[in-house]
Amino acid sequence: MKLHAARRRKQTIFRRVVVGLLGLFFALPLLGMVEFTTRAPGGGRTLATWATLFDVNVIDADYPELKTGVLASAGLVVLTVTIMLVMLVPTMTWVRLRLPGLRRTVEFVCLLPLTIPAIVLVVGLAPVYAWVAYFLGESSLWLAFAYVVLVLPYAYRALDAGLSAIDVKTLAEAARSLGAGWPTVMWQIILPNVRTAVLSASFLSVALVLGEFTIANLFSRDNLQVAINQLNKRDASLATAAALAALVLAFIVLFAMSFVGAGRRSHPPEEN
Amino acid sequence: MGALLGVLPFLAYTTIFLLVPTLIVVIGACLDGNNRLTLGNLSALAQPQIASAFMHSVVLSAVTALLGAVFGALLAYAVSTAREGGPLRRMITSLCGVLAQFGGVTLAFAFIATVGFQGFLTLWLQKIGIDLAGSTWLFEPDKGLILVYTYFQIPLMLIVFLPAVEGLRPQWREAAESLGGSTWHYWRHVAGPILAPSFIGAMLLLFTNAFSAYATAAALISQGSPIIPLQIGGTLSSEVILGQENIGKAMALGMVAIVAVVMTLYAVLERRTTRWLGR
């Protein structure tokens, strides 16, 4: 017993030292951003930059690129999550039910983007996007097609874990034998049972899309990060404030997600 | 046959936006300006500028993978000693989730605001006689970029390594103790060997993460292209000499080859890991 107490004390000291030191390393650049965005011209502190950032009218009138970027990213988030869910959930369910032989193939395709860096994807996507622009126009929204590919591995893993936790086959057969059509099975049986997985796949996609810069920048399209990067040339302080605000937003999204995940874990199917 | 129709949309989509781009890179890397087969693009990778960019990228990725793995593992172990579901654990894992994903522009700005020419740490250090603003160290791949990349590598390590650390059962430690083993024995003969494959696997993942990163360096560096993703970006965004655009594809193919080797090693290790830490 004494041994345990001594070890616990040592662990506590170790934990405080490590978390403290690394915490400092992580805090300094964030502090740097806060400090930089609150500098007043003659020395001293001001919140003018932050007031500007949250003043919709001023942003609208003086910083249209930021407004465009925010709107584009909002649209991209919605479109990416929608395409991802509409495509992956039915496909993965269908493969489990009817085509188990294809499961390896689907998994391979979904995890493939892990070995293809975004910058490489850009090179290969350039001709594809020439066609997209030809058929659908130049809108930044179509970046969502590429973003779905970027989120594919993460979304696949989250959804796969969700589908593995339920008995898809029995549920679907039960519903079918009671006369439900496939759309009903998907919408009213499968989806409600994997909603935690759907939520975590969506949250991951949101975080990824909000932070995406590579593809949008190289295709000269607008999104939040591209706008912030452009804004930096004109008003470094405001750009830094916008970047920090986006970071805080993403943190809130992921923090909320940690509660969603915890809700699932509190009812483990098997615990020994 | 009818069942296959159900996966058709998925296959069509991934063909257009994933397989076709991949093939464009692979095939394009072997074609010259007149669409004839050539090895010229691949041999262009030996040009000093490109070879040194590859070199910088590999070294930068390896060093930051090692630094990130060591510090991230320490942090993961420290966090694992905190109460499960407690506020510290939840805060740190969420924070790491953001910091690992959110590199890019934000990270570049953060470091410029801290240790850039007008950064607050730079100004402070100037007062005590240390001059950071005298050189362009922050923008060099063997100095500043290592620091900046480590900033997103440590959080990623925590995320991928924490489950492995959590998989260590307290019973194993108790068993070691009841047999008279010290803390050192426990780490050397029990926890160390069990965690080693996960640790190396995580390090490989960190390597590909740094190797693939474009945004951070692009936002930070405005002059020159010292690392390979910036070189590739350069072939896309600027007017390149006719016939040279496929050199970008050759560089891209080179990146994929390196990442594929590393990811294959990772997959092998992963299979070993799950044997012990089956969750």
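Colleague: Where is B:Phe71 found, and why is B:Phe71 called partly exposed?

Modeller: In this predicted model, B:Phe71 is found in helix H4 of chain B, which spans residues 48–80. Its relative accessible area is 35%, and because buried means under 20% and exposed means over 50%, B:Phe71 falls in between and is called partly exposed.

Colleague: Which residues make the nonpolar surface patch with B:Phe71?

Modeller: The patch, of about 620 Å², is made by B:Phe71 together with B:Met55, B:Val59, B:Val63, B:Leu66, B:Leu67, B:Val70 and B:Leu74. A residue needs over 30% relative accessible area to be part of a patch, and B:Phe71, with 35%, therefore passes that cut-off.

Colleague: What makes A:Thr240 buried, and which residues does A:Thr240 touch?

Modeller: A:Thr240, which lies in helix H13 (residues 236–265) of chain A, has a relative accessible area of 3%; the limit for buried is under 20%, so A:Thr240 counts as buried. Leaving aside residues up to four places away in sequence, A:Thr240 touches A:Met33, A:Phe36 and A:Thr37, and also B:Phe109 of chain B.

Colleague: Which residues are buried in helix H9 of chain B, and how do you know that they are on the same side?

Modeller: In H9(B), residues 170–178, the buried ones are B:Trp172, B:Arg173 and B:Ala176. Because they cover an arc of only 100° around the axis, they are on the same side of H9(B). On the other side of H9(B), B:Pro170 and B:Ser178 are exposed, and just after this helix B:Gly180 takes a positive phi of about 90°.

Technical notes
Residues are numbered from 1 along each chain as its sequence is written. Chains are lettered from A and ligands numbered from 1 in the order in which they are written. This is a predicted model: local features need pLDDT of at least 70, side-chain atom pairs count only at pLDDT 80 or more; totals for chains, interfaces and linings use all residues. Side-chain values use heavy atoms; hydrogens and water are left out. Buried means under 20% relative accessible area, exposed over 50%, partly exposed in between (1.4 Å probe, protein chains only). Helices (H or I, at least four residues) and strands (E, at least two) are DSSP runs, numbered from the N terminus. The arc is that of the directions from the helix axis to the C-beta atoms. Patches are made of residues with over 30% relative accessible area and no salt bridge: like charges are joined within 9 Å, nonpolar side chains (Val, Leu, Ile, Met, Phe, Trp, Tyr) within 5 Å. Accessible areas come from the Shrake-Rupley method with a 1.4 Å probe; for residues, only the protein chains shown count as cover. A salt bridge is a side-chain nitrogen of Lys or Arg within 4 Å of a carboxyl oxygen of Asp or Glu. Contact means heavy atoms within 4.5 Å.
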